[in-house]
Amino acid sequence: MLRGPGATDISLTVNGEAVTVQVAPRRTLLDTLRETLGLTGTKKVCDEGTCGACTVLIDGRPVYACMTLAVTCEGKGVETIEGLAKDGELHPVQRAFIDEDAFQCGFCTPGQIMSIVALLRGTAAPTEDDVRRAVSGNLCRCGAYPNIVAAGVSAGRRKR
Amino acid sequence: MPRVVKSREEFEGEIFESLVLVEGKDLPLPAAGAEFTEIGHGRRRVDGTQRVTGRARYTQDIYLPGMLHVRVLRSPYPRARVRRIDTKKAEALPGVRGVLHRFNAPKAAFRGEETIFREEVRFVGEEVAAVAADDEQIAVEALGLIEVDYELLPHVVDLEEAIGDVAPRLESDGNVSEGATHKRGDVKRALKEADHVVEATYRTSTQLHNSLETHGAVAAWDGEQLTVYESTQHVFGVRQGLRLALRLPLAKIRVICDYMGGGFGSKGGVGKYSIIASLFAMRLGRPIRCVLTREEENVAAGNRSATLQHMRLAGKDGRITAIEHTSWANVGQGKWVANPTGPTNTLYDVSNLSSKSYKVVTNAGSLSAFRAPGYVEGTFALESAIDELAATMGVDPITLRRKHAGSPKDPMVGKRYSDKHLLECYRIGAAEIGWQRRRSGGTRGSAPHRRRGIGMATQIWGGGGGPPAYATVHVNSDGTAVLTTGTQDIGTGTRTVLAQICADELGFELEDVHVRLGDTDNPYGPISAGSLTVASVGPAVRIAARDAREQLLGAAAGVLETPKSELRLASGVVVTKGARTPLSEILSKVDNNTVIGKGGRHPNDPDLSLRTFGAHFVELEVDVRTGEITVEHVVAVHDIGRILNPTTARSQVEGGVLQALGFALSEERFVDRATGRVMNANLENYKVPTVKDVPAKITVKFVDRPDRRANNLGVKGLGEPPIIPTAAAIANAVANATGARVRHAPLTRARVLEALAIAGARS
């Protein structure tokens, strides 16, 4: 199929649903999620890959959506914070964040949660150090870190 | 009938007198030993689900139909006259809908000036023009097409340079002006008669807030009403600012802040971005979004002033006999100065004292309040100096402090404290850290090149709150309640603790109380700053809930045909001697009713001084080869009256400690002197703490005794206290560990190594 140089259609899966969006080559996945698809749970904090607030999963791997061009996501599966709760039931990591009081303003929270969700898929029962490593690229200005680490560890102990 | 009363409140170290409207009588404090269903219990945040699912809607997440995007052209020069602006090319770009600048924007009052686009721009990042376009990318491109003719003027960005004689004078009366002063006793004489005198200069660097949600607003004008969504700590303050800027009646302005992603003091009122968004919205008739980028946030949205502080302390017979404290703060283009001498004036009962705080203007971004403005900077100097004096006198630092920290009277204003348990904080903290293990000269660390030390420092702050603050409680016919107030939840848990207070007083389950806040259509709520939210709004909520409860019991008495005095409400159930009837059942018998309880905050006792107290203790190691500090344990003890929710209170203290850790160890704005540019206006080079910087252990303790004279809940604020003493405690622990005194925060490795070299040369 002939593509570019202008805006082009791409097809991908977002939270399990197939979507086709028209994006300019320079458009980031973050802007596409927030502005084109209305998924504003993923936050824009630095827009330059330094804070982790826009962390989403692409084919299960945590990435910074602000550093990912949407056109590179053709055929891929993207998961965002909006896709975690199923049938009105929170994901274990979301529940752990509430139980451990792992957020204050909540602006970094979607990114922190996505980083830990990715960790738990490979490491069922993470240690504190595992969680620290997983969220070391996610800044929290309110300083909820101790509770974020506790939430990551306790989410590992829960079953969905 | 409402009546006017005089009130006296403290806000961020200053005392303000005002007239406030109150109604009825205040409630008495709950009886000692009263049983609470919610108050004092650890509770999950009532908005937790919204926040963890991404459904919480922040200002940044407001996308309105037909919305245009604004980007701001900012001065590339630290000081220049804007002589001419040519926007022809920018306006010709497809998708550009409007450009505003000093030659076409209407007058709009902002912080005492008549316009938001000044003829003389005075820092790199000051607003020169703004473009509204179909999308952000077009707006950015348009900025590049605007031609501005600048006449460059001499500038100064550095604090110490600005104080000196050769710096350009930015104001007609010079760059330095006096802020606060305080004098008591005879400092000169005490210094002359002292056995020991310590004299030292301390510095603190500029700290940037870096709230994760940048400042921003979305404005919509429907021809009648202006609605502004803004990430703010004070919706009513923004409304007032818009009223002055736009000259609209208050009834036509509505400001909304449902969720906000951190402010830490910097979002206290209207911003130029809110005015720009509103001007465009009214001119173009379309919703306008103006949200700052991270870089803009770091150059134009405020900071904690850098300071230079001289301390002179005198000691005699094991006591502090005099303190002299002079401070200069770089406020950039700010119009006020936070007071670093505040803690010096009030913390210790020292008879001879002299303090002066100077404001220094420079060609750098303005200060804005940053979590305990002035007190963080001042406590670093004061509490470091107290330890230096203790070391010189050869006495234990806590022993020396104890002699001056136990006074029941505020030494500055001469009034009694409503309550004070500072000595108790010392006792708890010393026991938790193991103060008896502290050795003069420190101990060996975990490796031969590592030294270990223990240090502490004290905190004083306001946080007593006061009027005006109002709330209403609407009870629906199904037995659910809506608590409505104009305050904000900036991440501190305001929604949760207010719901707890309301549920407790109403006799409802927590989940049956819904909180609506952050809206100027609600009853007035104060700024979420100065650690005053809970102590201001909480008592009003309690009165409103009591009012609603009394009305509900009256209704129940009628329906059940039982005297009201024999009824009580618990967990949403009306309990009589023999029966339990759900309130919803009673209300369903009264067709379509709405019960509304009202409450307002009553004034504080004008004869009392309301303060919060605390102390932090730190154990750490210093790598003497690299200068790296590893903070291992922080003990934070705070005396803030009754604790409403131990879970959220603990989180707030941990957060304060971690933000303090940034101030103490890594956070520092760099401005290039030649060009006036901020060199690290991003989260890569400006180092906020990460998860890996968290100390191995943070112990949080509260005295947790209701302040019986403070208000009807016995509560005081907690937002700011935990960021105040940490940096000084760290510096004191470093001095204990190594003998090296680092007098500049942050205590970077370079500064530690330099201090080690000086200490080594001395010994």
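In which strand of chain B is the place of Gly216(B)? The legends below refer to a predicted model.

View 1. Gly216(B) has its place in strand E11 of chain B, which covers residues 216-221. Gly216(B) counts as buried because 28 other C-beta atoms lie within 10 Å, and a residue is buried if that number is 20 or more. When its neighbours within four places in sequence are left aside, Gly216(B) is in contact with Thr59(B), Gln60(B), Ser231(B), Tyr273(B), Cys290(B), Val291(B) and Leu292(B). One of these contacts is Cys290(B). In sequence, Gly216(B) and Cys290(B) are 74 residues apart, while in space their C-alpha atoms are 5.6 Å apart.

**View 2. An open sheet of 3 strands in chain B.** The strands of this sheet are ordered E24-E25-E26, and their pairing is antiparallel. Strand E24 (568-570) and strand E26 (580-582) of chain B each have a single partner strand and stand at the edges, so one side of each is left without a neighbour in the sheet. From one strand to the next, the twist averages 30°. Strand E25 of chain B, residues 573-575, runs antiparallel to E26(B) and is joined to it by 3 bridges. In one of the residue pairings, Val573(B) has Pro582(B) in E26(B) as its bridge partner.

**View 3. The side of chain A that touches chain B.** Here 42 residues of chain A are in contact with 43 residues of chain B. On the chain A side, the elements that give two or more residues are helix H2 (92-99), helix H3 (109-122) and helix H5 (145-157). The most comes from H5(A), which gives 5 residues. Sorted by class, this side of chain A has 23 nonpolar, 10 polar and 9 charged residues.

**View 4. The fold of chain A.** Chain A has 5 helices and 5 strands. Along the sequence these elements follow the pattern β-β-α-β-β-β-α-α-α-α. The radius of gyration of chain A is 16 Å, close to the 15 Å given by the globule rule for 160 residues, so chain A is as compact as a globular protein of that length. The C-alpha trace of chain A spans about 50 × 30 × 25 Å along its principal axes. Of the 160 residues in chain A, 55% count as buried. Among contacts in chain A between residues at least 6 apart in sequence, 59% join residues at least 24 apart.

Technical notes
Residues numbered from 1 in each chain as written. Chains lettered and ligands numbered in written order. Predicted model: local features only at pLDDT ≥ 70, side-chain atom pairs only at ≥ 80, totals over all residues. Pairing = 2+ DSSP bridges. Helix = DSSP H or I, 4+ residues; strand = E, 2+ residues; numbered from the N terminus. Axes fitted to C-alpha atoms, helices over the stretch in contact; angles between N-to-C directions. Buried ≥ 20, exposed ≤ 12 C-beta atoms within 10 Å, placed from the backbone. Contact = placed C-beta atoms within 7 Å. Nonpolar A, V, L, I, M, F, W, Y, C, P; charged D, E, K, R; others polar. Rg over C-alpha atoms; globule rule 2.2 N^0.38 Å.
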